Each structure stands twice: as structure tokens, then as C-alpha cells.
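Below are some notes for a colleague who has the coordinates open. They take up salt bridges, domains, core and record annotations in turn.

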Amino acid sequence: MARNKYPEETVNLILDVSLKLFIEKGYDETSIQDIIDNLGGLSKGAIYHHFKSKESILIAVYKGMSKNINWQMIDIVNNNKLTGLQKIQEMFSASLDNPNHDELFAATPNLLNNPKLLSIFLSDLINFVIPKYAEPVIRQGLEDGSIKTDYPKETAETMMLLSNIWLNPLIYPMTNEEYIRKIEFFNHIMASLIPDLIDEEMQQRLSHFRDLVKKTK
């Protein structure tokens with residue numbers, strides 16, 4: 001086989017085509033052959049040269065989208081004009097408004113049926129998002145007086161685990177009524193620390209994500 005002079009372009013093409021198909025057909029209904037048929041002449045060997053399986057393609061798609069979202073979080077954390085409380089509110093708002101989230105929710109299958117992807121998601125949340133973004137911002141809020149808690153680490157963990165797992169329709173399928181009650185209860189739990197963390201506009205975005213999951217799964 002001739003050496004590919006542009007491997008990065010090939011990888012990006014595979015990921016772009018796969019993402020489009022995952023959104024249109026659903027991950028479970030998309031086959032490797034479907035991906036090959038939309039690659040403009042690339043062979044099955046070209047795919048397997050870069051990816052071991054359809055699951056490894058999905059993981060690469062997820063990591064690429066997560067990287068873009070993480071850059072937003074870095075900008076917010078480094079914004080010296082915001083208090084700790086404002087940064088938390090901005091992090092939630094920016095995450096929900098990021099267009100990558102629409103594609104992520106539409107393309108990603110139920111995480112309980114894909115333990116490897118679930119493991120990567122949880123590892124990223126526990127080992128990176130919470131200690132690098134959430135906890136430092138909570139501690140800043142303690143210093144500037146915008147957040148009051150004797151448990152900054154536990155507050156960060158509870159906030160992020162509940163919002164990213166318990167409220168995640170890719171893990172917990174639920175009706176819209178159940179979703180609204182969960183959001184209300186989440187706000188109730190967090191009220192003494194971060195009032196109205198999820199406002200009405202954010203609630204509508206969360207319901208939109210739930211609808212995307214329901215429509216494509």
C-alpha cells in the first residue's frame with residue numbers, strides 16, 4: 001500500500017463523515033460500510049489503518065468535540081473580571097450554548113450500552129473537568145465571597161456529577177416532565193450555594209438536548 005502523504009486529512013475526513021452519519025442514522029444504525037460508501041473512494045483498509053473499530057471512531061469524535069468545549073472553559077476560568085459565582089454560571093451557560101453539544105447529543109449512543117465511551121466520559125469528568133475547572137472556581141468564590149461553603153471540593157464534585165450524569169439523557173432516559181422535576185430538584189439542592197444555577201433559558205436548552213437524544217436513539 002502506498003504511504004498516505006496526508007494522514008491528518010484522511011482522519012479528519014473519516015471523522016467528519018462518521019459524525020454526519022451518526023447524527024443522520026444514529027450510531028447503532030451506522031455501519032463501517034456506510035462510512036466507506038461516503039468517503040469518496042477511500043478503502044476499508046484506509047479506515048482500519050487509523051481506527052480499529054466503529055467504536056474507536058466514535059471515541060475520537062467525542063474527544064474532538066470535548067476539546068473544543070474545554071477551550072471555552074479555560075477562557076472562563078482565566079477571566080479575571082468574573083467572580084467565582086459568575087464563572088460557574090458562565091461555565092454552565094457556555095456549555096449549554098456550545099453548538100458542538102447539539103451534535104454530541106445527536107451522535108452519541110446511550111452511554112450505558114457503550115461502557116468504553118462511558119468510562120472515558122467519567123474519567124474526563126472526574127480527573128480533569130472537576131479538578132481543573134469546577135473546584136478552582138468554587139475556591140475562588142470562597143475567596144471573593146460570592147460562594148459560601150465549608151466543602152469546596154465536595155460542592156464541585158456534587159455539582160458536576162449531578163449535572164453531567166444524573167441530568168444527562170444519554171445515561172438517564174426520561175420524559176420531559178421527569179427532566180423538569182430533576183432540574184428543579186438540582187436547583188433546590190444547589191440553592192444555598194449557587195442560587196438559580198440553571199435558569200429558565202438553560203432549562204429550555206437542556207430539554208432541547210433531551211429531545212435530540214429521544215429523536216435520534
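**Notes on the predicted model**

1. Lys 20 and Glu 24 are joined through their side chains by a salt bridge, with N to O at 2.7 Å. The model is a predicted one. Both residues belong to helix α1 (residues 7–25), where they sit four residues apart, about one turn of the helix. Lys 20 counts as partly exposed because its relative accessibility is 49%. Glu 24, at 51%, counts as exposed, because the cut-off for that class is over 50%.

2. A second salt bridge pairs Lys 25 with Asp 34, and here the closest N and O atoms are 2.9 Å apart. Lys 25 has a relative accessible area of 38% and is therefore partly exposed. Asp 34 has a relative accessibility of 17%, so this residue counts as buried, the limit being under 20%.

3. Arg 139 and Glu 135 form another salt bridge, again with the closest N and O atoms 2.9 Å apart. The two are separated by about one helical turn because they are four residues apart in helix α7. Arg 139 is partly exposed at 38% relative accessibility, whereas Glu 135 is buried at 14%. The count of salt bridges comes to four; those described here are among them.

4. The domain assignment divides the chain into domain 1 (1–52) and domain 2 (58–215). Seven residues of domain 1 and nine residues of domain 2 take part in the contact. The C-alpha centres of the two domains lie 30 Å apart.

5. What do domain 1 and domain 2 bury between them? The area is about 720 Å², and 81% of it falls on carbon and sulfur atoms. On the domain 1 side, Leu 19, Phe 22 and Tyr 27 supply 60% of the area buried against domain 2, more than any other three residues. The count of salt bridges between domain 1 and domain 2 is zero.

6. The largest nonpolar core has 60 residues. Ile 57, Ile 88, Phe 92, Met 159 and Ile 194 are the residues with the most contacts inside this core. Helix α7 (residues 115–144) gives the largest share, ten residues. Domain 1 and domain 2 each contribute at least three residues to the core. In soluble globular proteins, nonpolar side chains tend to be buried together.

7. Which residues does Phe 92 touch, not counting residues up to four places away in sequence? The list holds Met 159, Met 160, Ser 163, Phe 186, Leu 197, Ile 198 and Met 202. Of these, Met 159 is also one of the residues with the most contacts inside the core.

8. The record places "domain: HTH tetR-type" at residues 8–69. In the model, residues 8–69 are 76% helix and 0% strand, and the C-alpha atoms at the ends are 21 Å apart. The record also gives a "DNA-binding region" covering residues 32–51. Over residues 32–51 the chain is 65% helix and 0% strand, with the end C-alpha atoms 11 Å apart.

Conventions: Residues are numbered from 1 along each chain as its sequence is written. This is a predicted model: local features need pLDDT of at least 70, side-chain atom pairs count only at pLDDT 80 or more; totals for chains, interfaces and linings use all residues. Side-chain values use heavy atoms; hydrogens and water are left out. UniProt positions are given in the numbering used here, feature names are shortened, and annotations may be inferred rather than shown by experiment. A nonpolar core is a set of buried Ala, Val, Leu, Ile, Met, Phe, Trp, Tyr and Cys residues joined through side-chain atoms within 4.5 Å. Buried means under 20% relative accessible area, exposed over 50%, partly exposed in between (1.4 Å probe, protein chains only). Domain bounds come from an automatic or database domain assignment. Contact means heavy atoms within 4.5 Å. Buried area is the accessible area (1.4 Å probe) that two parts lose on being put together, summed over both.
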